[in-house]
Amino acid sequence: MSMSAITPRKLPIFVFPQSITFYLDDQSTHKQVLTLYNPYEFPVKFKVLSTAPYKYQVVDPEGVIKASSCVDIVVRHTAVLATNCNVIDKFRIQMYEYPNKQIIGKRDVEAKLLPGIMDTAGRATPDPDIFQQLPINENKQQETYALISRNKTMDLTIMNLSSNKLLLHVNGALGGTNHVALIAGIICIIGLLLPTEGEQNHRLPDYLHLSVNFKLIFSFVLGMVANIVLGL
């Protein structure tokens, strides 16, 4: 005899919600709905059991769920008393093969009665620190990234244009004489020796504090001049 004939198959059971809560002073919560799902390609039979059947009335506690379908089970609390508050009961949903009676799975759902009424406003209102501020912060961060990207692009464009212009002037001058190349190299060296923008140097005025981009241009041009001079 095969093992499949001896051991019944066990399948996961899908029930929503996972727990149900009744409120003593809120009559609208005294009736709850359990939804049983059958995602399989064959029908199944179900049965609803309870640890406290005298407290609840279940409409149609047994039935069949068609393949890839679901059913709603209405559960009414019939013992809405203060003495029953904060007591956890359980419903057990058992599924069977259809038309056989072999159990293929089960799922427990907790049920409890709480004093007072359901705070619908508190449940419906999201936490503003989580659901409202995070998208705003995210948008600001995206805007910051976009600004940084644009600034970097502009700086690189300016640096490229400036370096190209300087190279044109230097190359044009080098075509005539080697002394101009030496003068250009000296100018680049002086520019590199000047303080960088943001450094505290009171001996020189602010307009002689060069930015990092300009110093990169001077170093690039100085390297090109050195290569041209040494190659002449």
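Colleague: What percentage of the residues of the protein chain count as buried?

Modeller: Happy to start there, and keep in mind that this model is predicted. The protein chain has 232 residues, and 28% of them count as buried. A residue gets that label when its relative accessible area is under 20%.

Colleague: How many helices and strands does the protein chain have?

Modeller: There are six helices and nine strands in the protein chain.

Colleague: And how do I read the contacts in the protein chain?

Modeller: Look at how far apart the partners sit along the sequence. Among contacts with a separation of 6 or more, 62% are between residues 24 or more positions apart.

Colleague: Next, salt bridges. What is the general idea?

Modeller: Side chains of opposite charge can pair when their charged atoms come close. Here, a search of the whole structure finds two salt bridges.

Colleague: Which residue forms a salt bridge with Lys55?

Modeller: Asp89 does, and the closest N and O atoms of the pair are 3.3 Å apart. This pair links distant parts of the chain, 34 residues apart: Lys55 lies in the loop between strand 4 (44-50) and strand 5 (56-58), while Asp89 belongs to strand 8 (residues 88-97).

Colleague: Are Lys55 and Asp89 buried or exposed?

Modeller: Lys55 counts as buried because its relative accessibility is 3%. Asp89 is buried too, since its relative accessible area is 6%.

Colleague: Where is the other salt bridge?

Modeller: Find the side chains of Asp108 and Arg92, which meet in a salt bridge at 2.8 Å, N to O. Distant parts of the chain are linked by this pair as well: Asp108 is in strand 9 (residues 103-114) and Arg92 in strand 8, 16 residues apart.

Colleague: Why do Asp108 and Arg92 count as partly exposed?

Modeller: Compare their values with the cut-offs: partly exposed covers the range between buried, under 20%, and exposed, over 50%. Asp108 counts as partly exposed because its relative accessibility is 33%, and Arg92 does so because its value is 30%.

Colleague: Let us turn to the surface. Which residues form a nonpolar patch there?

Modeller: The patch is formed by Phe14, Phe16 and Tyr37, with about 320 Å² of accessible area together. Phe14 is placed in strand 1 (residues 14-16), and at 39% relative accessibility Phe14 counts as partly exposed.

Methods: Residues are numbered from 1 along each chain as its sequence is written. This is a predicted model: local features need pLDDT of at least 70, side-chain atom pairs count only at pLDDT 80 or more; totals for chains, interfaces and linings use all residues. Side-chain values use heavy atoms; hydrogens and water are left out. A salt bridge is a side-chain nitrogen of Lys or Arg within 4 Å of a carboxyl oxygen of Asp or Glu. Helices (H or I, at least four residues) and strands (E, at least two) are DSSP runs, numbered from the N terminus. Buried means under 20% relative accessible area, exposed over 50%, partly exposed in between (1.4 Å probe, protein chains only). Patches are made of residues with over 30% relative accessible area and no salt bridge: like charges are joined within 9 Å, nonpolar side chains (Val, Leu, Ile, Met, Phe, Trp, Tyr) within 5 Å. Accessible areas come from the Shrake-Rupley method with a 1.4 Å probe; for residues, only the protein chains shown count as cover. Contact means heavy atoms within 4.5 Å.
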